[in-house]
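Trainee: Could you walk me through this model, starting with the overall fold and ending with a few single residues?

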Amino acid sequence: MSQDASAQTVLPCSQCGRTFAHSDLVNIAGNWVCGDCKPGYLSRVMASGAAAASPLGWHYGGFWMRFGARMIDGIVLGVPVVILAALLIPNLLKAQGQGDASNPAFAAIAAFSLTFFLFYFLLVICYEVVLLRYRGATLGKMACGLKVVRSDGSSLGWGVSIGRFVMWNVVTSGIPYLNFILMLISGIMTGTDGEKRALHDRVCDTRVVYKQSMA
């Protein structure tokens, strides 16, 4: 019995022929492939058009699930801002009501507001980039069971994590007037693409998948 169990756990890679434990292989388009051969084989399969919408068996996160994850992230980052604003706005209005921009209180609050804005922007960058780099997901995506990976299933590096942040937060949603058009295009892409890729996913070659489907 133990011999049969041992034999079942060892499979050959369809590309290099070497044998591996079942957990060290991935099924791509019906073939078992080892980690060394996976990137090249996956590229060939996808280029040939023979792959299904999910050659690795992934279940991709759709528009509404990703929207929900963004909402959770917005709450996580927004609640501290609301609390601080509730504490600072009364003093700011009081200083502005004096009508003298040279007033020390007015200048101090204006300087603090600018500093706070810059600090918050850096906090948002660190929140998304660091979590994507080390966990593959923000807190919102974790709560929704999602993970961001490269097209071959590998984790995101610093360059891709930063690029993805810039593409969504600066290019797609951060440019006044143009952001409405780009966000609409990105949403349509997510809803119609076979791999649920948004605009920033296409540019950065990433996929948003359900973590459990990668097991």
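This is a predicted model: local features need pLDDT of at least 70, side-chain atom pairs count only at pLDDT 80 or more; totals for chains, interfaces and linings use all residues.

Trainee: Which pattern does the protein follow along the sequence?

Mentor: Helices (H or I, at least four residues) and strands (E, at least two) are DSSP runs, numbered from the N terminus. The protein has eight helices and six strands. Read in sequence order, they give α-β-β-β-β-α-α-α-α-β-α-α-α-β.

Trainee: What share of the 215 residues is buried?

Mentor: Buried means under 20% relative accessible area, exposed over 50%, and partly exposed in between, with a 1.4 Å probe and protein chains only. By that definition, the buried share of the protein is 30%.

Trainee: Which helix gives the most to the lining of the largest pocket?

Mentor: A pocket is an open set of points on a 1 Å grid over the protein atoms alone, where a 1.4 Å probe fits, with protein on both sides within 12 Å along at least five of seven lines; lining residues have an atom within 4 Å of a point. The largest pocket is lined by 26 residues, with Arg66, Arg70, Trp168, Asn169 and Met183 nearest its centre. Two or more lining residues come from each of helix H3 (63-97), helix H4 (104-135), helix H6 (158-172) and helix H7 (178-192). With nine residues, the top contributor is H3.

Trainee: How many residues of that pocket lining are charged?

Mentor: Asp, Glu, Lys and Arg count as charged; Ala, Val, Leu, Ile, Met, Phe, Trp, Tyr, Cys and Pro as nonpolar; and the others, Gly among them, as polar. The lining has twelve nonpolar and eight polar residues, and its charged residues number six.

Trainee: Is glutamate 128 buried or exposed, and which residues does it touch?

Mentor: Glutamate 128 is found in helix H4. Its relative accessibility is 6%, so glutamate 128 counts as buried. Contact means heavy atoms within 4.5 Å. Leaving out residues up to four places away in sequence, glutamate 128 touches Arg70, Thr138, Phe165 and Asn169.

Trainee: What phi does tyrosine 177 have?

Mentor: Most residues other than glycine have a negative phi. Tyrosine 177 sits in the loop between H6 and H7 and is exposed, with a relative accessible area of 77%. Although tyrosine 177 is not a glycine, its phi is positive, at about 70°.

Trainee: How far apart are the C-alpha atoms of aspartate 193 and glycine 62?

Mentor: Aspartate 193 is in the loop between H7 and helix H8 (199-204), and its relative accessible area of 11% makes it buried. Aspartate 193 and glycine 62 are 131 residues apart along the chain, yet their C-alpha atoms are separated by 9.7 Å.

Note on methods. Residues are numbered from 1 along each chain as its sequence is written. Side-chain values use heavy atoms; hydrogens and water are left out.
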